[in-house]
Amino acid sequence: MTTEQTERGARARTRQAVLDAAASVWARDFSASLSAIAERAEVSRSTLHRYFTDRQALIDALLLDSLARLEALDGGVAAHGSAMDTLEQYLRAGVAMGDRVIFLFSDPNRFDGNPHWSAEDGDDEMRALMDSARTEGSIAPGIPTSWAVSLYYAVLYTAAEVSNQDLPRHTAADLAVQSFRRSVAP
């Protein structure tokens with residue numbers, strides 16, 4: 001391995017450590033300082049600033065990184081089985097991204113005006129998946145699609161939040177799946 005490859009690898013790991021620390025810290029307190037994030041990432045403040053010149057640059061980078069991870073779920077979730085099975089896989093994958101989910105969705109106005117943010121991204125796909133689950137008989141006919149989608153996101157958010165506090169992620173994911181399935185069952 002060349003020095004350049006090692007540096008690229010080390011730089012990428014440090015950058016990712018800062019992003020992960022920012023997600024963790026800002027999921028709990030969006031007003032937290034860059035010093036708190038540097039401390040959580042176990043880097044100096046000057047190191048953090050070599051990667052992200054200011055708070056907004058770090059917010060934008062974390063927003064883009066978190067959205068990319070959400071979009072990557074599409075590739076990581078197998079499109080086989082029922083629509084409800086697919087919803088379950090997305091739910092489990094979302095709970096595994098707990099800090100990112102909380103960072104993205106804890107404040108509906110947090111990213112207003114940010115050119116990288118659109119709160120509606122993915123809504124059409126989610127609504128279509130819910131409608132498919134209803135057609136399959138997994139969602140009661142009387143439950144409006146908008147209710148099922150909102151409930152799904154509420155369960156996801158709750159599981160992500162609880163898994164950061166009290167429960168292991170796999171337990172929170174199991175409870176989220178169980179809660180959602182029972183809430184919409186015919």
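Me: Helices (H or I, at least four residues) and strands (E, at least two) are DSSP runs, numbered from the N terminus. With that in hand, what pattern does the protein follow along the sequence?

Reply: Reading along the chain gives α-α-α-α-α-α-α-α-α. That comes to nine helices and zero strands. Keep in mind that this is a predicted model, where local features need pLDDT of at least 70 and side-chain atom pairs count only at pLDDT 80 or more, while totals for chains, interfaces and linings use all residues. Residues are numbered from 1 along each chain as its sequence is written, and side-chain values use heavy atoms, with hydrogens and water left out.

Me: What makes S24 count as buried?

Reply: Buried means under 20% relative accessible area, exposed means over 50%, and partly exposed is in between, with a 1.4 Å probe and protein chains only. S24 comes in at 4%, so it counts as buried. You'll find it in helix α1, residues 3–28. Across the protein, buried residues make up 40% of the 186 residues.

Me: How do you know that the side chains of S24 and R40 make a polar contact?

Reply: Check the distance first: it is 2.8 Å. A polar contact is a pair of N or O atoms within 3.5 Å; within protein, one must be able to donate a hydrogen and the other to accept it, and residues adjacent in sequence count only if both atoms are side-chain atoms. The S24–R40 pair is listed as a polar contact on those terms. Using plain contact instead (heavy atoms within 4.5 Å), and skipping residues up to four places away in sequence, S24 touches R40 and D99.

Me: Which loop holds E42, and why is E42 called exposed?

Reply: E42 sits in the loop between α2 (34–41) and α3 (45–51). Its relative accessibility is 75%, so it passes the exposed mark. Its phi is near 60°, a positive value in a residue other than glycine.

Me: What about α7: why do its buried residues count as lying on the same side?

Reply: In α7, M126, L129, M130, A133 and R134 are buried. Their arc is only 145°, which puts them on the same side of α7. On the other side, D124, E125 and T135 are exposed. After α7 comes G137, with a positive phi near 95°.

Me: Why is A83 called buried, and which residues does A83 touch?

Reply: A83 has a relative accessible area of 6%, so it falls on the buried side of the cut-off. It belongs to helix α5. Not counting residues up to four places away in sequence, it touches L129, S132, A133 and E136. The C-alpha atoms of A83 and S138 are 8.3 Å apart, though the two are 55 residues apart along the chain.

Me: What makes a set of residues a nonpolar core, and which residues touch the most other members of the largest one?

Reply: A nonpolar core is a set of buried Ala, Val, Leu, Ile, Met, Phe, Trp, Tyr and Cys residues joined through side-chain atoms within 4.5 Å. The largest has 32 residues, and L87, L91, M130, I139, Y152 and F180 touch the most other members. At least two residues come from each of α5 (83–96), α6 (98–105), α7 (123–136), α8 (145–165) and α9 (169–184). α8 gives the largest share, eight residues. Apart from this core lies another, of 26 residues, among them A23, A32, L48 and L62. In soluble globular proteins, nonpolar side chains tend to be buried together.

Me: What does Y152 contact, leaving aside neighbours within four places in sequence?

Reply: Y152 is in contact with L87, Y90, L91, M126, M130 and F180.

Note on methods:
Arc of directions from axis to C-beta.
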